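Here is a short briefing for a first look at this structure. Keep the sequence and the 3D view open while you read.

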Amino acid sequence: MFRHTMLFLGYELKLTLRNPVWPLFGILQPILYLLLFAPLVANTTVGGTMGDTLRLFTPGVLMMIALFGSLFVGFGMINEIRNGYLERLAVSPAWRPAIVLGRTMRDMLVLVVQALLVIGLAFLMGMRASAPGVLVMLVLMAATGLLASGLSYGLALALRDENGMSQIMQFFALPLILLTGIMLPMSLAPHWMQTVAHFNPLYHAVEAGRSLFDGDFTDGSIPLAFGLTLALGALTLTWSVSSMKKLAG
Amino acid sequence: MIIEAHGLRKTFTAKRGRGKTEQVEAVRGVDLEVEAGQIFAVLGPNGAGKTTTIRMLATLIPPTAGTATVAGHDVAKEPGKVRENIGYVGQAGGVDENAPGRDGLVLAARLGGMSRKQAESRSEELLTSFSLTEFADRPIKTLSGGQKRRFALAIGLVNRPPLFFLDEPTTGLDPQNRANLWDEVRALRKQGTSVLLTTHYLEEADALCDRLVIIDHGLVVAEGRPDDLKKEIAGDVVTLRLGDAANEPAQALLSAEPYVREVRTEDETLRVYVDDGEHNLPHLLRALEAGGLGIQSISLDRATLDDVFLRHTGRSLRDAD
């Protein structure tokens, strides 16, 4: 079982490395946010120095990568259902959960590499953050990736339709991002909005990220974020694995 | 018997919009017996239930009713055991379009339990025998239809399955590639691999298989060796064009001849099934002349599986879609 998962992971990684342009493209937008939006915030009254602003802003940008990068991984799978690739895997001796698990692990690894690049850039721009905090943040990134890609594969296997899937993504992605306080801290939001934001797991992940970057490991948002993301990740992963099993009776 | 199926049925619930559903009986009771080492064809028009049948046997969908034993294991109770013994190539091919074919081969081999080294040498072997070496490291999506199909076959065979399922293997291939694929399937039989394939091409079933079933509307209408099936209806067919007015008297006249098995009207032509056509054609001509019926055109052919299909369903396979 583990061997099959590793085989799929190796196969998918090799495929990603053949065309590393796409994951790089994926962080272009977050990088633009860092370059063009962070200085803007730094100049307003809420921000302090550029370094402070970046420390506040970078965890949000990282979560944005985790969400947007992973939510769309399922699109490729729809095509693989259509051309019979997954169907063939389903009647091969492959352990079927490995088909999803291998991909999910690939997605998580890609996320960590993307995150390192963005953090590196922020560092060059003047951000100073707690090193152990950054490390824990990378783990949280991976967990968010697990949640989002599990959801994406699950949706792909359930809907099998690109149009329906992109509509659903649109519907979820924007409020999730807006209610996360990526652009500006949610503490600036009116009370009702802060209440709503508490129901958004990404909000807690970003809050946790900010504490971690500050080197504050005692903040309650950290265990809350890990707990929520891992629990929801386990849920979406189970869903996509069981949908994968249903591909063959 | 490498495949034994009894009373296989599959009913799908199709959505009809606004919450309405409809029961579609795709397969309505199919019996199959395939001996090890044979090439066995399931022939029928589109929508006859061929694909549904092969998908049930390959453990992709569970049968609604009936039982099937494939390679000694029950498809419903031990699908995992069945999967260890089969290769399956679906209509769409089922290869990862983005990866190079070699990667797909090695992955399939390693999933089947081979070590990296074994997998690499087995892949090399198949690349050579399917003449794919020069395309092995290009993404599959850059290859032609025939090359893709060959990769699909190679991947299906990588673990040397004793039984190989091919769903419409030559649909969309040009004549040259089709002939090549036939050769490859024949080569499998030589190595002792059993093959079950579905097709709606008569020529394919005729040229390739040892035995076949003809299915129509989810039921088996004929089963046997191609030659035996054809002999059952007669060895030869005389196709006559006489002009509309003459068809009916000619049918009555010829049906009375002792060497004529059956006369069918098809559009403006008569199809006369006769034994030993070369010998009896002169008698037939004389009989028509004696009846005062003029012939516009005439041809003598061997009976085909289409004649078998026509006999059992009252339709020509070419019109049945």
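The points below are grouped by topic.

The model is predicted. Chain B holds 11 helices and 14 strands. Helix 3 of chain B is largely enclosed by the rest of the structure, because 11 of its 11 residues are buried. Helix 3 of chain B also gives the most to the side of chain B that touches chain A.

**Chain B overall**

- The C-alpha atoms of chain B fill a box of roughly 80 × 50 × 40 Å, taken along the principal axes.
- Chain B has 321 residues, and 44% of them are buried.
- Take the contacts in chain B between residues at least 6 apart in sequence: 70% of these join residues at least 24 apart.

**Helix 3 of chain B**

- Helix 3 of chain B covers residues 101-111.
- Its buried residues include G101(B), R102(B), D103(B) and R110(B). L105(B), V106(B), L107(B) and L111(B) are also among them.
- What covers these buried residues? The cover includes helix 1 (2-18) of chain A. Helix 4 (116-129) and helix 5 (145-157) of chain B are part of the cover too.
- Just after helix 3 of chain B comes G113(B), with a positive phi of about 110 degrees.

**Where chains A and B touch**

- Chain B puts 24 residues into the contact, and chain A puts in 17 residues.
- On the chain B side, strand 6 (86-89) and helix 3 each supply at least two residues.
- Which element of chain B gives the most to the side that touches chain A? Helix 3 does, with 5 residues.
- The chain B side divides into 12 nonpolar, 6 polar and 6 charged residues.

**Chain A and its recorded spans**

- In an unreviewed entry, UniProt places the feature "transmembrane region" at six stretches of chain A: residues 21-42, 54-78, 108-127, 133-159, 171-193 and 222-241.
- Residues 54-78 of chain A are 92% helix and 0% strand. The end C-alpha atoms of this span lie 38 Å apart.
- Residues 133-159 of chain A are 100% helix and 0% strand. Here the end C-alpha atoms are 38 Å apart.

**Nonpolar cores**

- The largest nonpolar core has 141 residues.
- Which residues touch the most other members of this core? They are L57(B) and F165(B).
- Helix 8 (residues 131-159) of chain A gives the most to this core, with 14 residues.
- Leaving out residues up to four places away in sequence, L57(B) touches I3(B), A5(B), A68(B), V70(B), V75(B), F165(B) and L196(B).
- A second, separate core has 17 residues, including V238(B), L240(B), A250(B) and L284(B).

**A hairpin in chain B**

- Strand 1 (residues 3-15) and strand 2 (residues 21-34) of chain B pair in the antiparallel sense, over 11 bridges.
- E4(B) stands opposite E33(B), which belongs to strand 2 of chain B.
- Strands 1 and 2 of chain B form a hairpin with 5 residues between them.
- In the turn, G17(B) has a positive phi of about 85 degrees.

**Helix 11 of chain B**

- Helix 11 of chain B runs over residues 305-313.
- Which residues of helix 11 of chain B are buried? They are L305(B), D307(B), V308(B), F309(B) and L310(B).
- G314(B) follows helix 11 of chain B and has a positive phi, near 75 degrees.

Definitions and conventions. Residues numbered from 1 in each chain as written. Chains lettered and ligands numbered in written order. Predicted model: local features only at pLDDT ≥ 70, side-chain atom pairs only at ≥ 80, totals over all residues. Buried ≥ 20, exposed ≤ 12 C-beta atoms within 10 Å, placed from the backbone. Helix = DSSP H or I, 4+ residues; strand = E, 2+ residues; numbered from the N terminus. Contact = placed C-beta atoms within 7 Å. UniProt positions renumbered as here; feature names shortened; annotations may be inferred. Nonpolar A, V, L, I, M, F, W, Y, C, P; charged D, E, K, R; others polar. Pairing = 2+ DSSP bridges. Core = buried A, V, L, I, M, F, W, Y, C linked by C-beta atoms within 7 Å.
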